[in-house]
Amino acid sequence: MCFQTGKWEGKFEDKPINIYYEEHEQDTSENVKNILMIPTISDVSTVEEWRLVAKDIVGRKGELGYRATIVDWPGLGYSDRPSLNYNADVMESFLVQLVNSPNSPVANTDNELVIVGGGHAATIAVRAAGKGLIRPSAVAAVAPTWAGPLPIVFGRGSDMETRYGLLRGTLRAPAIGWMMYNVLVSNEKSIQSQYKSHVYANPENVTPDIIESRYELTKRKGARYVPAAFLTGLLDPVQSREEFLQLFAKLDGDVPVLIVSTLNAPKRSKAEMEALKGAKGVTKFVEVPGALLPQEEYPLAVAEELYSFLQESFSARR
């Protein structure tokens, strides 16, 4: 199996940004289909969450071969983290640029690119596809979400939006921002607590190596800018369940959509996933073990469902 990493230069607010990506493919494979995997948007988002899923799918022998490209979002993972005004539109425009640019790592895919995303990433991809800005041949949404951590708990009243704005401003400020970020996000206890309470289903799967790896990501230059937007709801692609369902309905009959729900997602997130069961535009709905990051905690279960969906999608197009 062939594995390589690279940097692709995107442009945001007229600034060039190096975007980190990884490619996994078989050494010798004919009839190769392309998959773009985008990490769940979170404080500690990283390509690492998809690696084992990519390796499993690409390593399978069959009539079709697969090439998987995993890309870090701007401001997250191993990509550059400039001080942009991050919001859902910025993230969507990144995805549109990536898919449509002739020099991107997923260029020349013959209009047969399957997009696989977790959490908010999946919903942003569905939103972009519904607008016709990208034309994936299929979409797989793994534990899809649309509300950031604070809005899902405290709502979106005008008084709360004011508080979110204040918190966002504080987190982005030069000196006090780092202090606040270290208290809320960039400390091992906080990361461990998140993973054990709602990111993973089984606390015993939260290893010291995972916590250390994620903690190191929070120490990268510019690390606090996207979390400031994510925590306070600026990266939310929609504002209500009704809008969430409408995004998927727009793809009905046009793009096959797989929803991978999880058995142990937090109550509110689980309710949004369950709302997609039998919803218009959803081709297939399955459930796997896990909470908000099943692709990292139970990669083989997720890979199995994705592989099955890929085989069905491509055989239906022949």
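Leaving aside its neighbours within four places in sequence, which residues is Leu167 in contact with? They are Leu150, Met180, Leu184 and Thr232, where contact means heavy atoms within 4.5 Å.

## Before we start

This is a predicted model: local features need pLDDT of at least 70, side-chain atom pairs count only at pLDDT 80 or more, and totals for chains, interfaces and linings use all residues. Residues are numbered from 1 along each chain as its sequence is written, and side-chain values use heavy atoms, with hydrogens and water left out.

Leu167 lies in helix H5; helices here are DSSP runs of H or I with at least four residues, strands are runs of E with at least two, and both are numbered from the N terminus. Its relative accessibility is 19%, so Leu167 counts as buried (buried is under 20% relative accessible area, exposed is over 50%, partly exposed is in between, using a 1.4 Å probe and protein chains only).

Helix H5 (residues 158-172) meets helix H6 (residues 174-184): their axes come within 5 Å and cross at roughly 110 degrees. That makes H5 roughly perpendicular to H6 (65 to 115 degrees; under 35 is roughly parallel, over 145 roughly antiparallel, the rest oblique). Axes are lines fitted to C-alpha atoms, for helices over the stretch in contact, with angles from 0 to 180 degrees between N-to-C directions. On the H5 side you'll find Leu167, Thr170, Leu171 and Arg172, facing Pro174, Ile176, Gly177, Met180, Tyr181 and Leu184 in H6.

## Rings around Tyr307

Seven aromatic pairs turn up in a search of the whole structure. Rings of Phe, Tyr and Trp (its six-membered ring) pair if their centres lie within 6.5 Å; planes under 30 degrees apart are stacked, over 60 edge-to-face and the rest tilted. One of the pairs is Tyr66 with Tyr307, edge-to-face at 6.0 Å centre to centre and 75 degrees between the planes. This pair links distant parts of the chain, with Tyr66 in strand S4 (residues 65-71) and Tyr307 in helix H13 (residues 299-316), 241 residues apart.

Both Tyr66 and Tyr307 are buried. Tyr307 also has the charged end of Arg60 sitting over its ring, 4.5 Å from the centre (NZ of Lys or CZ of Arg within 6 Å of the ring centre and within 35 degrees of the ring normal).

## Two loops with positive phi

Most residues other than glycine have a negative phi. Glu13, in the loop between strands S1 (2-12) and S2 (15-25), has a positive phi near 50 degrees. Ala143 has a positive phi near 45 degrees, and its loop runs between strand S6 (138-142) and helix H4 (149-154).
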